[in-house]
Amino acid sequence: MGNFVRTAAALAVVSTILAFASQSHATVFAAWQVANVPFGDTLNVRKYPSGGSQKQAAYPNGTVLRMTGRCTGGINLLDIANQPAWKQEQKVRYLWCEIWHDPAQNGNFVTGWAYGKYITPR
């Protein structure tokens, strides 16, 4: 009986955590897209906000990205979303912004970082 109660309690905790985790990601996404990448090139998404960090994936111009809202420098995309697109682009131009993506296209989503010079609000 003791094992049953512990197992039931553990499952309740896990299901609660998963419910909150999925809600937090679903409500934070802002849609931006890849832009301004030179012809024939792609935007590299990195594991950490650095050009020297491991490359996770590469996306061509026009690819819609799911942004978490968080950028280096303390900028949050949701806080600047009411500004004109050109002003939003200007604010993140030299920053790294976090995305939520599936680099292996196998259902395993992870966070990565895109350089602001190559993204624009959608």
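**Ser-53 and the chain around it**

Tutor: In this predicted model, Ser-53 is in contact with Arg-46, Lys-47 and Tyr-48, leaving aside its neighbours within four places in sequence.

Student: What makes these residues contacts of Ser-53?

Tutor: Contact requires heavy atoms within 4.5 Å. Arg-46, Lys-47 and Tyr-48 are in contact with Ser-53, so each has heavy atoms within that cut-off.

Student: Where does Ser-53 lie?

Tutor: Ser-53 sits in the loop that runs between strand E2 (43-46) and strand E3 (55-59).

Student: Why is Ser-53 called buried?

Tutor: The relative accessible area of Ser-53 is 10%. Buried means under 20%, so Ser-53 is classed as buried.

Student: How many of the residues in the chain are buried?

Tutor: Buried residues account for 30% of the 122 residues.

Student: Which secondary structure elements does the chain have, and in what pattern?

Tutor: There are 3 helices and 7 strands. Along the sequence the pattern reads α-β-β-β-β-α-α-β-β-β.

Student: How do you know what confidence the predictor has in the chain?

Tutor: The scale of pLDDT runs from 0 to 100. The chain averages 85, and 77% of the residues score at least 70.

Student: What makes residues 7-27 a stretch to treat with care?

Tutor: Over residues 7-27 pLDDT stays under 50, and the model has 1 contact beyond four places in sequence for them. Where pLDDT is low, predicted coordinates should not be read in detail.

Key
Residues numbered from 1 in each chain as written. Predicted model: local features only at pLDDT ≥ 70, side-chain atom pairs only at ≥ 80, totals over all residues. Heavy atoms only, no water. Helix = DSSP H or I, 4+ residues; strand = E, 2+ residues; numbered from the N terminus. Buried < 20%, exposed > 50% of the residue type's maximum accessible area, 1.4 Å probe, protein only.
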